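Biologist: I would like to learn how to read a structure like this one, beginning with the ligand and going on to the sheet and the helices. Could we take them in turn?

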Amino acid sequence: DSDPAGIVLGGDLTIPLLGGDVVSYANLDYAASAPALTEVANFLNDISPYYASVHRGAGYLSQVSTSVYESARLAVSAFVNARDGDSVIFTANTTDSLNLLAGVVASGVADTGGGLRRDVVYLDIEHHANLLPWQAIDHRVVSVRNTLRETIDELDVELAGAPAALLAVTGASNVTGEVLPLRELAELAHRHGARIAVDAAQLAPHRRIDVAGDNIDYLVFSGHKLYAPFGSGVVVGRADWLDAGKPHRAGGGAVREVQANSVSWTTGPARHEAGSPNVLGAAAIAKACKVLQNLDQDDWHEHEEHLRRRLVDGVADIDGVETHRIWAEESLDAVGIVTFSVRGYDPGLVAAYLSAEHGVGVRDGRFCAHPLTKALGLDRGGCRASFGLGSTEDDVDRLLEGLRALLDGGPQASYVVDAGRWVP
Ligand code: PMP
């Protein structure tokens with residue numbers, strides 16, 4: 001039962017423990033990067049002998065590549081239920097996508113009738129990718145409150161107090177998995193004349209996304225968290241700002257006409273995609289989108305929610321282990337991400353112990369979200385278990401077992417990896 005969905009690679013990976021035993025690897029780090037889908041890997045294998053440069057000629061291979069690349073936009077658009085006319089731009093990852101959007105907003109495109117706006121409003125729970133690009137332009141930060149309700153009220157006050165171009169929010173926290181009410185937040189932003197940009201890096205791998213239905217103006221995510229390889233991401237959203245804003249990069253393919261000393265930029269996705277694009281990366285994202293779109297939504301959701309509950313309930317029975325959430329509302333929806341800390345142990349040591357002695361992989365540290373981890377009291381970081389399609393009850397049980405063993409004697413030393421093996 002290493003892969004109940006039967007579609008994720010790597011379920012049969014085995015690794016050596018410190019004591020020499022070889023065990024199957026319990027990968028509980030999907031939120032960092034998810035293993036590839038079998039269909040994605042097969043598809044890449046099939047098309048890789050035939051790729052060529054896109055948009056660069058009438059040669060047969062170039063035409064095939066161009067068609068693969070352009071049809072990838074359609075698959076992404078269908079996956080997120082984008083509106084007719086929305087742009088789908090391929091980038092390197094979520095970080096790249098949010099930097100692109102920040103460049104567009106900073107270049108002064110947000111004139112909704114009441115004058116030009118360049119301000120971006122965001123919460124202090126964001127991943128650095130959805131914080132630092134805004135920090136570099138006009139911005140205002142709203143601090144989270146004890147409850148989500150109070151936090152939304154604060155956003156309301158902030159946006160009512162001074163108009164903003166954009167409200168930037170995460171779809172799901174990469175630290176706690178908590179899911180934000182996007183439809184409500186979009187309505188709030190629009191009521192105050194702003195648009196909304198959603199960082200869906202952690203939402204897209206777990207929930208159906210509805211750009212048109214939720215009225216989301218811009219949405220971004222990464223391929224490598226969506227069961228596709230590294231190196232590709234997307235921006236989906238309203239074409240007007242994207243067509244008017246500063247091109248993400250200067251170079252070939254993004255232009256209409258160039259003189260030695262001046263340029264007229266093109267519109268459409270090409271405006272932001274200068275240089276030879278990552279055709280296989282785009283094709284991989286598109287394939288992953290198609291596979292996920294065909295999954296039974298209820299089964300998918302239930303599988304992950306069952307594992308999340310099993311972990312949260314299991315940890316609640318272990319004295320000395322604590323889980324962390326941003327908001328007090330216990331009923332808030334969360335994706336398969338659980339951050340925990342172990343009393344008296346450094347998170348780095350806990351993660352190394354779990355890997356070296358139990359073959360369980362979790363992430364440790366401050367999760368590229370320093371303001372949030374500080375607010376959660378995790379100044380030295382925490383440990384994060386996260387799962388997805390290939391995760392099993394056994395993975396969760398082994399983590400719980402490892403935590404019990406840790407508190408029941410625990411590691412006496414720290415560990416390092418030497419030539420692929422853990423040594424104390
Ligand atoms: N936003 C969130 C919520 C994330 O979890 C991550 C990845 N940890 C990112 C943005 C950045 O994604 P990438 O590293 O693929 O650019």
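Biologist: Which residues come nearest to the ligand?

Modeller: Bearing in mind that this is a predicted model, there are 14 residues around the ligand, of which Asn 93, Thr 95, Asn 174, Ala 201 and Ser 222 come nearest. By class, the shell around the ligand holds three nonpolar, ten polar and one charged residue.

Biologist: How should I read a sheet, and in what order do the four strands of the open sheet lie?

Modeller: In general, the strands of a sheet pair through backbone hydrogen bonds, and the pairing is either parallel or antiparallel. Here the order is S15-S16-S19-S18, with antiparallel pairing, and the edges are formed by S15 (321-324) and S18 (363-365), each of which pairs on one side only. On average, neighbouring strands of this sheet are turned by 30 degrees against each other, direction ignored.

Biologist: How many bridges join S16 to S19?

Modeller: Four bridges join S16 (residues 337-342) to S19 (residues 382-386), and Ile 337 stands opposite Ser 386 in S19. Helix H10 (residues 297-316) packs on the sheet, where H10 touches S15, S16 and S19, and its direction makes about 20 degrees with that of S16.

Biologist: Are H5 and H6 roughly parallel or roughly antiparallel?

Modeller: An angle under 35 degrees counts as roughly parallel. The axes of H5 (residues 148-161) and H6 (residues 182-191) come within 10 Å and cross at roughly 20 degrees, which means that H5 is roughly parallel to H6. Across this contact, Ile 152, Leu 155, Asp 156 and Leu 159 in H5 meet Glu 184, Leu 188 and Ala 189 in H6, giving five nonpolar, no polar and two charged residues.

How values were computed:
Residues are numbered from 1 along each chain as its sequence is written. This is a predicted model: local features need pLDDT of at least 70, side-chain atom pairs count only at pLDDT 80 or more; totals for chains, interfaces and linings use all residues. Axes are lines fitted to C-alpha atoms, for helices over the stretch in contact, and angles run from 0 to 180 degrees between N-to-C directions. Helices (H or I, at least four residues) and strands (E, at least two) are DSSP runs, numbered from the N terminus. Angles under 35 degrees count as roughly parallel, over 145 as roughly antiparallel, 65 to 115 as roughly perpendicular and the rest as oblique. Two residues are in contact if their C-beta atoms, placed from the backbone, lie within 7 Å. Ala, Val, Leu, Ile, Met, Phe, Trp, Tyr, Cys and Pro count as nonpolar, Asp, Glu, Lys and Arg as charged, and the others, Gly among them, as polar. A residue is near a molecule or strand if its C-beta atom, placed from the backbone, lies within 6 Å of it. Two strands pair if DSSP finds at least two bridges between them.
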